[in-house]
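Please view the sequence and structure before reading on.

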Amino acid sequence: MSSIRNLVIVLGDQLDDQLSALDDFDADRDVVWMAENETEATHVWCHKKRLVLFFSAMRHHRDALQQRGFTVDYHALSADKRHDSGGDFGDILSARVRVLKPERLVMTECGDYRVREMLEAAAQRHEIALQARPDRHFNCAVDEFEEWAAGRDSLVLEHFYRMLRKRHDVLMDDGEPAGGAWNFDKDNRESFGRDGPGTLPHVRQFCADELTREVIDMVDTRYADHPGSTAGFDMPVTHAEARTALDDFIANRLANFGPWQDALWTDMQFAYHSRLSAALNLHLIAPRDCVNAAVDAYRAGQAPINSVEGFVRQILGWREFVRGVYWREMPGYIQRNALRAELPVPASFWQGDTDMACVRDAMQNVLDNGYAHHIQRLMVLGLFALVAGVHPRAFHDWHMAMYLDAIDWVSLPNALGMSQFGDGGVLGTKPYCASGNYINKMSNYCKGCRFNYRKADGEDACPITTLYWDFLDRNLGAFEDNHRMVFQVKNLQKKRADHELMAAIRQQAKTLRQKISDGERI
Ligand SMILES: Cc1cc2nc3c(=O)[nH]c(=O)nc-3n(C[C@H](O)[C@H](O)[C@H](O)COP(=O)(O)OP(=O)(O)OC[C@H]3O[C@@H](n4cnc5c(N)ncnc54)[C@H](O)[C@@H]3O)c2cc1C
Ligand code: SF4
């Protein structure tokens, strides 16, 4: 006879305090199941801080659930691998199902196609029902996105975002967008100019408590060879800390978020960005709380419309949009490689050692914090990988390993789609490609770099500039008919008219690409 009714699966990125899987939880008959597992920690070679974040937040959540009266069956990893009892979710779950003999498994829709398949397979093996409930964390359900997307030739963020603004009555005044426009992007592309950003506000840090210190010890021993370091771990790991992080952003950085959203500067880690993505993606905080707090600040006159709309667009727009694209396009999406790119990620993406000042600075942030802000991701590291011809899946795998906020549903469309154009234009209609000129305009990096951003050939040529022209040259067939690439294609034609220069660029790009392929330093 079965002693347990529901075994309720709570994954590491489902730490909501109102999780749908727990809706009808009966403390007398149901048990929560949570598992730290080796496969999730190692199938990508995770940054140490990413491991600490997940395991610490999960253990805090376990304790909070227990305090609320839930029985939690928790599988913890220990420093010594010999104590392991199973590698992946499927194995560990199977072992517990055999012991606990629940009538059924219950979960909230998960954020990773591969994990979903693993859990479904485990349920099938045991001939037990697995019920997946909708995830209320998001503002747009997967089937709502499907409905919106059905019959459209292309998926345009702006249309989706406006639909959600209206549907959820966010930043609307009598049916019209607050501030008189839907979009303030033109006000949100400032660089810091010659003088730099000046003194930037501190980002709220959170001290590691005893539970987090235990996890840090475990990670330092068990995953000693993983990239990054646990030193200085300061992320929010509970709901209360995540709320404090949000309040800190609203009070100290939101007002300036808009104008300098795209700006880059040496040693500038977070600038006016929120650093809320990891807490959001583990569901330590709800997107609607972030949006409401920003809108309240606007209504109270504490932050201008361009900053508030810019922030709302990221959370209500982009975050929901990429999730919709992920579930609509999977499982085939992860295989896409529209430009047939084949290189591995550059060696500098693991250890940060390079002469390229822009890549070195962005990588310092990644190694120190498991973080880089959007433009460092898209227009420095992503740009370098794109123009070099890194395989989009390899770029996504690397991204999953190194960033604290990486979960498959959000990393894949951003990394493979938006950044590497691997999807051939599902997420964005053109590739985010540029020469070193763009980086020079938006940052001070080029001033301290041994390369010259203007030069495409020669000993001091900027690798990004060389590879940019070569990228256009190699992929011209894919871009010729793209009306958003007209300007770049025209410029390439002009470059091609100088046969000698173009031959030198091709040769230099070939050498650079070979070096990347061989894991050599650039
Ligand atoms: C190559 C690449 C990979 C990325 N991978 C991830 C990822 O794995 N996880 C992730 O959360 N974001 C990812 N992003 C989006 C974005 O860069 C990060 O969300 C952002 O940099 C996180 O920092 P922040 O919290 O300070 O964001 P802010 O600049 O303060 O923005 C506020 C919030 O908006 C949301 N947001 C902004 N842009 C996006 C976007 N394009 N997609 C989804 N949400 C967005 C995030 O939740 C973020 O916390 C990626 C972007 C690129 C270019
Ligand atoms: S010159 Fe090129 S490599 Fe150096 S910082 Fe500028 S863009 Fe980066």
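Which helices each supply at least two residues of the lining of the second largest cavity? They are helix H14 (357–369), helix H18 (436–442) and helix H19 (463–474), helices being DSSP runs of H or I with at least four residues, numbered from the N terminus.

This is a predicted model, in which local features need pLDDT of at least 70, side-chain atom pairs count only at pLDDT 80 or more, and totals for linings use all residues. Residues are numbered from 1 along each chain as its sequence is written.

The structure holds 7 cavities of 30 Å³ or more. A cavity is a set of points, on a 1 Å grid over the protein atoms alone, where a 1.4 Å probe fits but cannot get out; lining residues have an atom within 4 Å of a point. A volume is the space filled by probe spheres set on the points.

| Cavity | Volume |
|---|---|
| Largest cavity | About 370 Å³ |
| Second largest cavity | About 100 Å³ |

Of the 13 residues lining the second largest cavity, Cys358, Ile439, Cys446, Cys449 and Cys462 are the closest to its centre. This lining has 12 nonpolar, 1 polar and no charged residues, where Ala, Val, Leu, Ile, Met, Phe, Trp, Tyr, Cys and Pro count as nonpolar, Asp, Glu, Lys and Arg as charged, and the others, Gly among them, as polar.

The largest cavity is lined by 25 residues, with Gly12, Glu40, Arg50, Phe54 and Phe89 nearest its centre. Helix H2 gives the largest share of this lining, 5 residues. By class, the lining of the largest cavity comprises 14 nonpolar, 4 polar and 7 charged residues.

Technical notes. Chains are lettered from A and ligands numbered from 1 in the order in which they are written. Side-chain values use heavy atoms; hydrogens and water are left out. On a 1 Å grid over the protein atoms alone, a cavity is a set of points where a 1.4 Å probe fits but cannot get out, and a pocket is an open set with protein on both sides within 12 Å along at least five of seven lines; lining residues have an atom within 4 Å of a point.
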